[in-house]
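Hi everyone, thanks for making time. I'd like to walk you through one protein chain today, so please have the picture ready.

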Amino acid sequence: MSTNAVPLANGAMSFDRVCREWRCKYSGDKATSESLEEISKLVDEYLPQIKAASKDATVNRLICGGCLDFKLMTTVPLDDFGPWEEGGHAPEAEFLEKLKKIEGVSQVETQTITNMIL
């Protein structure tokens, strides 16, 4: 456990990394989805800015072909999360605005969660 870790569950768990998740539903088959292709282009466009959230940022992309979920998860150390949050999780607003304009994309949402490697 890190010295700045936050305890959970009566000390049975802790976290020192926080994740901001951007998610949506895409349309079509995962192998040929035009909306998923456009999402990929958007991620490529913004990935350098997303990774700038912290020198220790990790970015994970999750895609479910069954339920048509797309998720982008950016995890940063707890000490870096506060400043990133105060800055609006940049470039979140701009990214989500463009994401919502992609034909076939729906249910655009965000969530802040802990994300620890066990």
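First, some housekeeping. This is a predicted model, where local features need pLDDT of at least 70 and side-chain atom pairs count only at pLDDT 80 or more, while totals for chains, interfaces and linings use all residues. Residues are numbered from 1 along each chain as its sequence is written, and side-chain values use heavy atoms, with hydrogens and water left out.

Okay, the layout. The protein chain has three helices and six strands; these are DSSP runs numbered from the N terminus, with helices being H or I of at least four residues and strands E of at least two. Follow the sequence and you get β-β-β-α-β-β-α-α-β. Of the 118 residues, 35% count as buried. Buried means under 20% relative accessible area, exposed means over 50%, and partly exposed is in between, using a 1.4 Å probe and protein chains only.

How much of the contact count comes from residues 24 or more positions apart? They account for 67% of the contacts with a separation of 6 or more, where a contact means heavy atoms within 4.5 Å.

Now let's look inside. The largest nonpolar core has 16 residues, and I39, F70, L72, F95 and L99 touch the most other members. By nonpolar core I mean a set of buried Ala, Val, Leu, Ile, Met, Phe, Trp, Tyr and Cys residues joined through side-chain atoms within 4.5 Å. β3, α1, β5 and α3 are the elements that give two or more residues to this core, and α1 has the largest share, with six. There's also a second, separate core of seven residues, with V18, A57, F81 and W84 among them. As background, nonpolar side chains tend to be buried together in soluble globular proteins.

Setting aside neighbours within four places in sequence, L72 contacts several residues, including W22, V43, I50, V59 and F95.

F95 takes us to helix α3, residues 92–100, where E92, F95, L96 and L99 are buried.

Most residues other than glycine have a negative phi, and most peptide bonds are trans. N10, in the loop between β1 (6–8) and β2 (13–15), has a positive phi of about 55° although it is not a glycine. H89 also has a positive phi of about 55° and is not a glycine; find H89 in the loop between α2 and α3. Which is buried and which is exposed? N10 counts as exposed because its relative accessibility is 87%, whereas H89 counts as buried at 6%.

In that loop between α2 (78–86) and α3 you'll also find P91. A cis peptide bond joins A90 and P91, with omega about 5°.
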